[in-house]
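Colleague: I am new to this model. Can you take me through the terms as we go?

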2 protein chains.
Amino acid sequence: MSKLKLYLDTLSQPCRSLLIFLENTKIPYEPIVVRLGKGEQNSPEFLKVNPLHQVPVIDDNGFILRESVAILRYLCREKKNVADHWYPKDSRKQAKVDEYLEWQHLGTRLGCGLYFRTLWLEPLATGKTPEIRDIQRCKTQMVTACDSIENHWLKNKYICGDEISIADILAASELEQPRLAGYDPRDGRPKLTEFMARVREATNPSYDEAHKIINTIVDKYKGQPPLKEKKSG
Amino acid sequence: MSKLKLYLDTLSQPCRSLLIFLENTKIPYEPIVVRLGKGEQNSPEFLKVNPLHQVPVIDDNGFILRESVAILRYLCREKKNVADHWYPKDSRKQAKVDEYLEWQHLGTRLGCGLYFRTLWLEPLATGKTPEIRDIQRCKTQMVTACDSIENHWLKNKYICGDEISIADILAASELEQPRLAGYDPRDGRPKLTEFMARVREATNPSYDEAHKIINTIVDKYKGQPPLKEKKSG
């Protein structure tokens with residue numbers, strides 16, 4: 001029985017969520033770093049693991065599974081000693097966690113991810129500044145998602161009640177991402193701010209460990225992509 | 001014990017999926033139509049059911065649940081006589097269905113939905129033709145998603161093996177949507193074409209019933225939104 005393998009890059013929000021979950025539930029795993037910045041998700045070796053070029057992926061003794069939410073649900077089912085609050089067995093409580101897990105794809109995941117991609121990742125890759133119209137479009141989408149967290153989802157200490165679940169780890173990891181591109185979802189959102197601090201406290205030291213690289217980038221570049229002069233020829 | 005209530009509009013892909021599932025599993029339900037075209041998702045009565053303005057929603061004897069994927073999982077767990085193939089209890093098989101359910105949000109759901117919205121829904125609401133750049137952007141996204149279905153997901157008769165699951169109903173309902181805006185995902189994709197015919201055959205007559213309104217619109221308007229001259233003043 002080999003150790004669970006986790007293919008990841010902590011620049012990716014869902015990868016950070018999985019890392020924090022595995023550390024907090026003490027599931028033994030072997031991390032395999034796939035450096036997205038170096039295009040390692042396109043290597044022939046990695047494409048055998050995921051032809052869709054994405055991390056995270058797990059290899060659980062030969063069983064390969066993609067998609068962070070599917071992976072989290074599988075680990076909660078399969079691994080020993082995962083406390084019930086992470087993903088409750090009670091059918092209605094579980095359904096309410098699922099409600100958030102399914103909403104977040106086109107909510108925070110699309111909103112925060114697209115903003116980061118448009119204002120940071122694409123300029124870094126192409127050397128081109130994004131157009132004002134594109135910035136506005138993805139900013140509106142992100143702001144709407146962050147406002148939904150503040151005004152709709154946070155009725156209790158955590159998203160699905162007063163105990164932490166996998167929904168909270170996914171939410172917090174997404175909300176950290178736009179800071180790379182100069183937008184902090186906590187500004188002007190007191191409930192969201194307290195919530196993020198609560199998730200961090202409940203899951204540390206792994207929360208800070210998972211966010212180490214992005215925090216270093218935020219500190220160094222202050223929300224601006226480190227554009228280089230493109231070499232000619 | 002009151003009957004399960006389903007708030008829906010068959011113009012919405014996830015609503016059609018739920019309708020097809022409920023009919024095929026013979027779960028008794030009461031449909032409550034929320035006419036999106038008339039803005040009924042914004043009415044004070046509906047906002048009590050879903051403050052996020054979206055259908056589908058179920059009310060299962062007072063338990064309100066949103067998000068089609070969360071609803072489908074809940075119904076497979078809770079309702080009697082739902083055949084195992086819809087959402088297998090075997091952990092690894094279930095994980096593979098989950099893998100698709102989670103991928104599809106930013107895959108077919110975003111791709112096909114955004115195309116429909118940009119080329120059909122928004123022009124209908126505003127009377128304005130979309131910009132070429134926006135058409136290109138969302139067409140690329142949709143084509144990529146449809147190609148993933150053709151080249152990656154369809155290795156067997158159905159998406160997760162040789163038996164139909166909730167993944168297939170969701171996939172087929174999404175792939176029907178861009179036809180409203182003049183794009184048929186079946187063109188040039190033989191595996192996807194066979195797959196859609198297979199899902200239709202396996203779930204009829206409810207598949208045709210669920211797609212009745214959109215088929216009527218496609219026949220009548222041939223993929224063009226029925227724009228009216230905006231009244232002045």
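Colleague: What makes about 1,700 Å² the area buried between domain 1 and domain 2 of chain A?
Modeller: Buried area is the accessible area (1.4 Å probe) that two parts lose on being put together, summed over both. For these two domains of chain A that comes to about 1,700 Å², with 65% of it on carbon and sulfur atoms. On the side of domain 1, A:Q13, A:R16 and A:I20 supply 35% of the area buried against domain 2, more than any other three residues.

Modeller: Some ground rules. This is a predicted model, where local features need pLDDT of at least 70 and side-chain atom pairs pLDDT 80 or more, while totals for chains, interfaces and linings use all residues. Residues are numbered from 1 along each chain as written, chains are lettered from A and ligands numbered from 1 in written order, and side-chain values use heavy atoms, without hydrogens or water.

Colleague: Where are the two domains of chain A?
Modeller: Domain 1 is 5–84 and domain 2 is 91–221 in chain A; such bounds come from an automatic or database domain assignment. Their C-alpha centres lie 19 Å apart. The contact (heavy atoms within 4.5 Å) takes 16 residues from domain 1 and 25 residues from domain 2.

Colleague: Why is the pair A:D98 and A:R73 called a salt bridge?
Modeller: The rule asks for a side-chain nitrogen of Lys or Arg within 4 Å of a carboxyl oxygen of Asp or Glu. The side chains of A:D98 and A:R73 meet at 3.5 Å, N to O, so the pair qualifies. Across the interface of the two domains of chain A, the rule finds one salt bridge.

Colleague: How do you know that the two copies are related as by a two-fold axis?
Modeller: Superpose them by least squares on the C-alpha atoms of residues with pLDDT of at least 70 in both. A rotation of 180 degrees, with 0.0 Å of shift along its axis, puts chain A on chain B with RMSD 0.0 Å. The copies are therefore related as by a two-fold rotation axis. In chain A, the C-alpha nearest that axis belongs to A:H105, 3.1 Å from it.

Colleague: What makes the peptide bond between A:N204 and A:P205 worth a remark?
Modeller: The bond is cis, with omega about 10 degrees. Most peptide bonds are trans. In chain B, a cis bond joins B:V55 and B:P56, with omega about 5 degrees.

Colleague: What is the phi of A:H53?
Modeller: Phi of A:H53 is near 65 degrees, a positive value in a residue other than glycine. Most residues other than glycine have a negative phi.
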